[in-house]
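Thanks for coming, everyone. I have one structure to walk through today. Please take a look at it first.

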Amino acid sequence: MKLVTYHHNGVERIGAVRSDGVVDLSVLAPTMLDLIAGGPGLLDQARELLAQAESATPLEAVTLLAPIPRPRKNIICLGMNYAAHAIESLRAKGLPEKLPEYPVFFSKAPTAVNHPGGSVPLMPELSSERDWEVELALVIGRQARNVAKEEALTYVFGYTILNDVSARDLQTRHQQFFFSKSFDGSAPMGPWIVTADEIPDPHALRIQLHLNGETVQDSHTGDMIFDIPTSIATFSSGVTLEPGDIITTGTPSGVGMGMTPQRWLKSGDVMECEIERIGVLRNVAE
Ligand code: MG
């Protein structure tokens, strides 16, 4: 299922997308977080409702929001998780080109979440080096603590696309990613969550970012240094993961920081993040 949070006639609802539009699932749960917390039983009810609904609201008639518009916690992020991107980042900073031996975790504030189609404020008064990062993000479906790698994917509720918009100059200045990656609007997410049953292998997906129609990032989720089971197992070894928690798995090469000359987002730039089996997340820098 493709699960969405959306506005229709001024009301926020959750639903599922099928060929003729969105089927309202709000009767089952008021928010996506409640639907996720309801577990497999509630998800089965959602499937039934989707199959049986006589009509749907056309996608054009609704406004899609981020599937989880307000996460309960920070978004858990992996940095330097594709070798070619790690090298381009280190090279741009003049640092030794050494790949991480352990997953690099940081986070983005929940207030950074942005919607499909939402404009990304560039905030030129704060940063002159805003950059794009297409990423595969996963949503945790049930409480996870000290999970074995072999079991890790059974804790995933579904997958979505996240654009980890960054402020490179502040990343360097403040020596830590939290501020520079948490600007309001810097975490576009969506357009929906694809439930895990539809993506049995999250490491078999082409991942791309098109900037004003030009493909600047083009890679494969099989190229992650630390795969999703490793990230879940490592993080949950010390930190409890809960339903609705979001982990975004890092970006491949092709960000503006790694280009010669470097290229930064400017007002009007259109970012289209595309991941196979999920779809396209489109946002405009403003
Ligand atoms: Mg990132």
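Start with the contacts, meaning heavy atoms within 4.5 Å. Among contacts in the protein chain between residues at least 6 apart in sequence, 76% join residues at least 24 apart.

A word on the source. This is a predicted model, where local features need pLDDT of at least 70, side-chain atom pairs count only at pLDDT 80 or more, and totals for chains, interfaces and linings use all residues. Residues are numbered from 1 along each chain as its sequence is written, and side-chain values use heavy atoms, with hydrogens and water left out.

Now the overall fold. The protein chain has seven helices and 18 strands. Those are DSSP runs numbered from the N terminus: helices are H or I with at least four residues, strands are E with at least two. The radius of gyration is 18 Å, close to the 19 Å that the globule rule gives for 286 residues, so the protein chain is as compact as a globular protein of that length. That radius is taken over C-alpha atoms, and the rule is 2.2 Å times the number of residues to the power 0.38. Along the principal axes, the C-alpha atoms fill a box of roughly 60 × 45 × 30 Å.

Next, burial. Of the 286 residues, 55% count as buried. Buried means under 20% relative accessible area, exposed means over 50%, and partly exposed is in between, with a 1.4 Å probe and protein chains only. The accessible surface comes to about 12000 Å², and 51% of it belongs to carbon and sulfur atoms. Those areas come from the Shrake-Rupley method with a 1.4 Å probe; for residues, only the protein chains shown count as cover.

Charges, briefly. There are 23 positive and 35 negative charges, and their mean positions are 4 Å apart. Lys and Arg count as positive, Asp and Glu as negative; His and the chain ends are not counted. Each charge is placed at NZ of Lys, CZ of Arg, CG of Asp or CD of Glu.

On to the metal. Which residues are the protein donors of the magnesium ion? They are Glu133 (OE), Glu135 (OE) and Asp164 (OD), lying 1.9 to 2.2 Å from the ion. Donors here are N, O and S atoms within 2.8 Å of the metal (3.2 Å for Na, K and Ca); water is not among the atoms, so sites may look incomplete. Along the chain, the donors follow the spacing E-x1-E-x28-D. Glu133 and Asp164 link distant parts of the chain, 31 residues apart. Glu133 is in the loop between strand S9 (130-131) and strand S10 (134-140). Asp164 is in the loop between strand S11 (156-163) and strand S12 (166-167). Both Glu133 and Asp164 are buried.

Glu133 brings us to His85. His85 sits in helix H3 (residues 83-92). It is buried, at 5% relative accessible area. Leaving aside neighbours within four places in sequence, His85 is in contact with Met80, Glu133, Thr251, Pro252, Ser253 and Val255. The buried residues of H3 include His85, Ala86, Glu88, Ser89 and Leu90. Just after H3, Gly94 takes a positive phi of about 70 degrees.

Now helix H7 (residues 228-236). How many of its nine residues are buried? Eight, so to speak for a mostly covered helix. Among the elements covering those buried residues are S10, S11, helix H4 (149-152) and strand S16 (246-248).

Backbone details next. Gly190 and Pro191 are joined by a cis peptide bond, with omega about 5 degrees. Pro191 is in strand S13. Thr260 and Pro261 are also joined by a cis bond, with omega about -10 degrees. Pro261 lies in the loop between S16 and strand S17 (270-275).

Two non-glycine residues with positive phi. Met123 has phi near 50 degrees. It lies in the loop between strand S8 (119-120) and S9, and counts as buried at 18% relative accessibility. Asn212 has a phi of about 50 degrees. Asn212 is in the loop between S14 and strand S15 (214-220), and is partly exposed at 42%.

Last, Ala204. This residue is in the loop between strand S13 (187-195) and strand S14 (206-211). At 34% relative accessibility, Ala204 is partly exposed. Not counting residues up to four places away in sequence, Ala204 touches His220, Thr221 and Glu276.
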